[in-house]
Amino acid sequence: MTRKELVVSALENGTVLDHIPAENVYKALDLLGLKDIESQITIGINLTSKAQGRKGIIKIADRFFEDEELGKLALIAPKATVNIIRDFKVVEKKKLETPAEVIGIAKCRNPKCVTNHQPIRTWFKTVVSGDEISLKCHYCEKNTDIRHAF
Amino acid sequence: MAKSLISIRDFTKEEILHVLETAREFEQNREQKFLEGKVIASLFFEPSTRTRLSFETAINRLGAKVIGFSDASNTSQSKGETLKDTIKMVNNYVDMIVMRHPLEGSSRYASEVATVPVVNAGDGANQHPSQTLLDLYSILQTQGRLEGLTINMVGDLKYGRTTHSLLQAMSHFNPRFIFTAPEELKMPKEYKDFLDAKGIEYIETTSLDEYLNDCDILYMTRVQQERFTDLMEYERVKDVYTLNASMLGSVKDNMKILHPLPRVTEIDQDVDETPYAYYFKQAENGLYVRMAIISYLLGYR
């Protein structure tokens, strides 16, 4: 039994995204475009974490991410860790960096914002204040809490 | 992309002062037709008679011609044309676009689509920078300076975009603020954070009487029904402050009352005859300031 579990969780080549807030695992899959890919993905939700209480983990086989893609993850999981696996070994650990701008992926929460009425690509500046991240809309100049932007 | 005026923050302190200086020149001589041969579009996707007439008069007094509309209901926007296509089309015809639109951020977007300068004449509850510049001009004209003044803002400080923009613009000039508003309409936290970060002092009160005698400028605003999504909230606060002449007995001699107009009940008519009333002259100043904005953006001043 133990051996079989290992087969499921061990990754030969790929990426392990750890310490994602449990409630944001589905959002993370969405933001990273992992919903429609063919590679093997292992997902853990509500795993026990000393630091976070409940955490989530995503293991993706044969997939490596650009820094720009990981920037998106930083918005909803600023404390996530990224482990790059090659030949069953962790060859690199990356820290996430919050991007200065978020273009084309988030939604402005202001119902009167022009981006919600015209076919316009959204564009935000990231505003970090302590642990809180919000997005300031380039167009209507209103702030959207990151928890409501995706 | 040409230099546009979308948000008051698009102008540096130097540009603000330059426009105010230029406005003074137009106040002394408003017959200066150096834009003869130019065509300027005045696109009002929602009606605003006061702002539109002021801009169109400014354009005419500078000698340029105006094209445009005062209401989007009989334009191709009502047929479903995108804002982008409307702006692209108009952009081919004119030297500048003045635009008002009910959606917030629409003018910024238009300035990115257009190659000619765009002047935001109001985008929903967001920005209305020509109003801010005429407020600054009126403060400068009545006080002889912009530095170190105490501004008491009264009324709807939550939804009132004029107060938000004026606060941002005045932050260049070492001011002190008094925010007089009911609990429901207090100055939003993001603007207070902005002042805190700049080390600018402010006091909040719900009483109009409390700091009336301490200010150089009393900036009154109307509680605008159209900005409320909750009508009950509007009913509770709509008549919360009424200024009348009997309240002005001990105010500072230099104190002036500004109001972006139209007023409803917040300033009694008996205030009009006092030496403190400046709101009608303030509206007239809008003409000179808009002439200055247009001349500056087109590179003539």
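Let's start in chain A, where four strands form an open antiparallel sheet in the order S6-S7-S8-S9. Strands here, like helices, are DSSP runs numbered from the N terminus: helices are H or I runs of at least four residues, and strands are E runs of at least two. Two strands count as paired if DSSP finds at least two bridges between them. At the edges of the sheet sit strand S6 (101-103) and strand S9 (143-145) of chain A, each of which pairs on one side only. Direction ignored, neighbouring strands of this sheet are turned by 35° against each other on average.

Before going on, please note that this is a predicted model, in which local features need pLDDT of at least 70 and side-chain atom pairs count only at pLDDT 80 or more, while totals for chains, interfaces and linings use all residues. Residues are numbered from 1 along each chain as its sequence is written, while chains are lettered from A and ligands numbered from 1 in the order in which they are written.

One pairing in the sheet is worth a visit. Strand S8 (residues 132-137) of chain A runs antiparallel to S9(A), with three bridges between them. Here A:Leu135 stands opposite A:Thr144 in S9(A).

Now step back to chain A as a whole. Chain A has three helices and nine strands, which follow the pattern α-β-α-β-β-α-β-β-β-β-β-β along the sequence. Taken along the principal axes, the box filled by the C-alpha atoms of chain A is roughly 55 × 30 × 25 Å.

With strand S4 (residues 81-86) of chain A, S1(A) runs antiparallel and is joined by five bridges. With strand S3 (residues 53-61) of chain A, S1(A) pairs in the antiparallel sense over six bridges. A:Leu17 takes part in both pairings: its bridge partner in S4(A) is A:Val82, and its bridge partner in S3(A) is A:Ile58.

Chain A can also be read as domains, with bounds that come from an automatic or database domain assignment. The assignment gives domain 1 (14-95) and domain 2 (101-148) of chain A. The centres of these two domains, taken over C-alpha atoms, are 24 Å apart. Their contact takes five residues from domain 1 of chain A and four residues from domain 2 of chain A; residues are in contact if their C-beta atoms, placed from the backbone, lie within 7 Å. Helix H3 (residues 67-76) of chain A supplies the largest share of the domain 1 side, three residues. By class, that side has four nonpolar, no polar and one charged residues. In this scheme Ala, Val, Leu, Ile, Met, Phe, Trp, Tyr, Cys and Pro count as nonpolar, Asp, Glu, Lys and Arg as charged, and the others, Gly among them, as polar.

Helix H1 (residues 13-28) of chain B packs against helix H5 (residues 129-143) of chain B at an angle of about 70°, with their axes 10 Å apart. Axes are lines fitted to C-alpha atoms, for helices over the stretch in contact, and angles run from 0 to 180 degrees between N-to-C directions. The angle makes H1(B) roughly perpendicular to H5(B): under 35 degrees counts as roughly parallel, over 145 as roughly antiparallel, 65 to 115 as roughly perpendicular and the rest as oblique. The crossing of H1(B) and H5(B) is right-handed, meaning that the near helix is turned clockwise from the far one by less than a right angle, with anticlockwise giving left-handed. B:Ile16, B:Val19, B:Leu20 and B:Ala23 of H1(B) make the contact with B:Leu133, B:Leu136, B:Tyr137 and B:Leu140 of H5(B). The residues of this contact divide into eight nonpolar, no polar and no charged.

H1(B) also packs against helix H9 (residues 279-297) of chain B, at an angle of about 120° and with the axes 8 Å apart. H1(B) and H9(B) are therefore oblique to each other, and H1(B) passes H9(B) in a right-handed crossing. B:Val19 and B:Ala23 are among the H1(B) residues that meet H9(B), where their counterparts include B:Tyr288 and B:Ala292. Here the division is nine nonpolar, three polar and one charged.

Finally, look where the chains meet. Their contact takes 12 residues from chain B and 15 residues from chain A. On the chain B side, the largest share, three residues, comes from H4(B). That side has three nonpolar, six polar and three charged residues.

Technical notes
Contact = placed C-beta atoms within 7 Å.
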